Amino acid sequence: MAKIDDVFGKVPASILSTWGQTLTFVKTTTPRTYNPTTGAVTGADTNVSVKGVITQINSSEDDGLYQTTDLKVVIGANELGDYYPTEADRIQYPQAGSTKEGKIINIQTARGDKPIFHTLIVRPQ
């Protein structure tokens with residue numbers, strides 16, 4: 001095991017369980033296919049309940065590639081196990097009394113031998 005796993009491996013879970021809110025990580029488990037004749041999109045998703053912290057993003061981050069409506073979402077890796085988020089996945093989060101969904105447009109993972117936490121840039125849909 002890498003030293004970061006021993007020292008910091010349990011820190012995100014503790015912080016997120018105390019300060020985070022419950023979010024739904026929508027994992028795309030089978031590829032999406034589009035039928036141009038019928039217009040139907042097929043594929044399966046798996047919903048995973050995760051704890052996360054949502055913050056606003058500064059549009060000047062990453063050379064101004066983000067929009068002012070984009071969100072930065074930090075989630076722990078415990079709920080996802082060894083799964084790494086992809087840009088095909090989505091996040092559902094509560095906002096103003098309703099559930100919103102955002103597409104993941106950027107992923108940064110802190111890790112040693114295993115993922116510790118993921119920082120996701122999410123664009124509301």
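In the protein chain, among contacts with a separation of 6 or more, 56% are between residues 24 or more positions apart; contact here means heavy atoms within 4.5 Å. What I am showing is a predicted model, where local features need pLDDT of at least 70, side-chain atom pairs count only at pLDDT 80 or more, and totals for chains, interfaces and linings use all residues. Residues are numbered from 1 along each chain as its sequence is written, and side-chain values use heavy atoms, with hydrogens and water left out.

First, the overall layout. The protein chain has two helices and eight strands, in the order α-α-β-β-β-β-β-β-β-β along the sequence. Helices (H or I, at least four residues) and strands (E, at least two) are DSSP runs, numbered from the N terminus. The chain has 125 residues, and 30% of them count as buried. Buried means under 20% relative accessible area, exposed over 50%, and partly exposed in between, with a 1.4 Å probe and protein chains only. The accessible surface is about 7,600 Å², with 52% of it belonging to carbon and sulfur atoms. Those areas come from the Shrake-Rupley method with a 1.4 Å probe; for residues, only the protein chains shown count as cover.

Now the barrel. Six strands form a closed barrel that runs β1-β4-β5-β8-β7-β6, with antiparallel pairing. The twist averages 45° from one strand to the next. Helix α2, residues 11-19, packs on the sheet and touches β1, β4, β5 and β8; its direction makes about 80° with that of β4. Axes are lines fitted to C-alpha atoms, for helices over the stretch in contact, and angles run from 0 to 180 degrees between N-to-C directions.

Two strands pair if DSSP finds at least two bridges between them. β4 (residues 45-56) and β5 (residues 71-76) are antiparallel, with five bridges, and Gly 52 stands opposite Ile 75 there. Between β5 and β8 (residues 115-124) there are six bridges, again antiparallel. Strand β7, residues 98-111, is joined to β8 by nine antiparallel bridges. Ile 121 in β8 is the bridge partner of Lys 72 and also of Asn 106.

Next, the core. The largest nonpolar core has 13 residues, and those with the most contacts inside it are Phe 25, Val 50, Val 73, Ile 75, Ile 91 and Leu 120. β1, β4, β5, β6 and β8 each supply at least two residues of this core, and β5 gives the most, with three. A nonpolar core is a set of buried Ala, Val, Leu, Ile, Met, Phe, Trp, Tyr and Cys residues joined through side-chain atoms within 4.5 Å. Beyond its neighbours within four places in sequence, Ile 75 is in contact with residues including Leu 16, Phe 25, Val 50 and Leu 120.

Glu 87 is in the loop between β5 and β6. Glu 87 is partly exposed, because its relative accessible area is 46%. Leaving out residues up to four places away in sequence, Glu 87 touches Lys 103, Ile 104, Ile 105, Asn 106 and Ile 107.
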